[in-house]
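Biologist: Could you take me through the charged contacts in this model, and then its surface?

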Amino acid sequence: MTAVRRPLLACAVVAALALSAWGPRDRTTWFLETVWVLVGLPLIVLTWRRFPLTDLLCCLLAVHALVLMVGGNYTYAQVPLGDWVRDTFGLDRNPYDRFGHLMQGFVPAVLVRELLSRTSPLRGSRWLAPLTVCACLAFSAVFEMLEWAAAVIGGQAADAFLATQGDVWDTQWDMFCALIGATVSVLVLSRLHDRQLAGPDLTGSCSGDGSTAAARTSTAGTSRRLP
């Protein structure tokens with residue numbers, strides 16, 4: 001992705017955010033669903049010169065932002081595309097919420113993998129993949145606790161945000177979908193991600209690269225000295 005296309009991608013996300021804020025079905029739900037975009041996009045812009053992200057991660061974050069904005073505008077239980085899928089395949093609920101939680105694992109897996117690869121000694125380690133998946137599952141569990149807190153505080157007003165649609169196992173399904181999403185992401189995208197992490201755009205972009213390489217060298221030297 002060229003230096004010109006990255007600002008265009010950011011502008012597209014901002015435009016989509018403004019469009020999603022135009023007449024949402026529930027203003028509180030819109031804010032709760034899109035707060036990750038409202039906080040994340042400025043953070044990426046402010047830290048870009050010191051810590052630029054791979055093209056893969058940028059594109060995935062943009063797609064995830066769109067998923068969140070659509071769910072925030074319509075509420076997850078009332079997204080028209082999900083209604084069409086439900087009616088077409090004879091499902092008992094709008095599945096857009098399940099798709100959203102798959103994305104909650106699929107995209108953060110690349111984000112976590114990138115952060116760990118560039119700021120810790122885990123790059124190239126066999127522990128990188130399982131720790132990435134565990135981190136995504138932990139985030140999903142924290143998100144479910146946030147939904148629980150919203151339900152306690154907001155009562156019935158939080159129903160649109162919870163999007164349980166009468167399923168008593170909704171919390172467990174949400175975390176399971178995030179687990180599946182993270183696992184698939186690690187299995188499918190790791191090679192492409194590694195190639196981009198080794199690209200010239202990221203060389204020397206943050207101090208974590210140097211410290212990571214030094215840590216790997218130190219670890220390797222220590223292991224050679226062991227009997």
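Biologist: How many salt bridges does the count come to?
Modeller: The count comes to 9 salt bridges, a salt bridge being a side-chain nitrogen of Lys or Arg within 4 Å of a carboxyl oxygen of Asp or Glu. This is a predicted model, in which local features need pLDDT of at least 70 and side-chain atom pairs count only at pLDDT 80 or more, while totals for chains, interfaces and linings use all residues. Residues are numbered from 1 along each chain as its sequence is written, and side-chain values use heavy atoms, with hydrogens and water left out.

Biologist: Which residue forms a salt bridge with Asp 55?
Modeller: Arg 6 does, with the closest N and O atoms 2.8 Å apart. Asp 55 is in helix α3 (residues 55-74) and Arg 6 in helix α1 (residues 5-20), 49 residues apart; helices are DSSP runs (H or I, at least four residues), numbered from the N terminus.

Biologist: Is Asp 55 buried or exposed?
Modeller: Asp 55 counts as buried because its relative accessibility is 16%. Buried means under 20% relative accessible area, exposed over 50%, and partly exposed in between (1.4 Å probe, protein chains only).

Biologist: Which residues are linked in a network of salt bridges?
Modeller: The network links Arg 93, Asp 97, Arg 98, Asp 170 and Asp 174. Within it, Asp 174 and Arg 98 meet at 3.5 Å, N to O. Asp 174 lies in helix α8 and Arg 98 in helix α5, so this pair ties together parts 76 residues apart in sequence. Both Asp 174 and Arg 98 are buried.

Terms used
Helix = DSSP H or I, 4+ residues; strand = E, 2+ residues; numbered from the N terminus.
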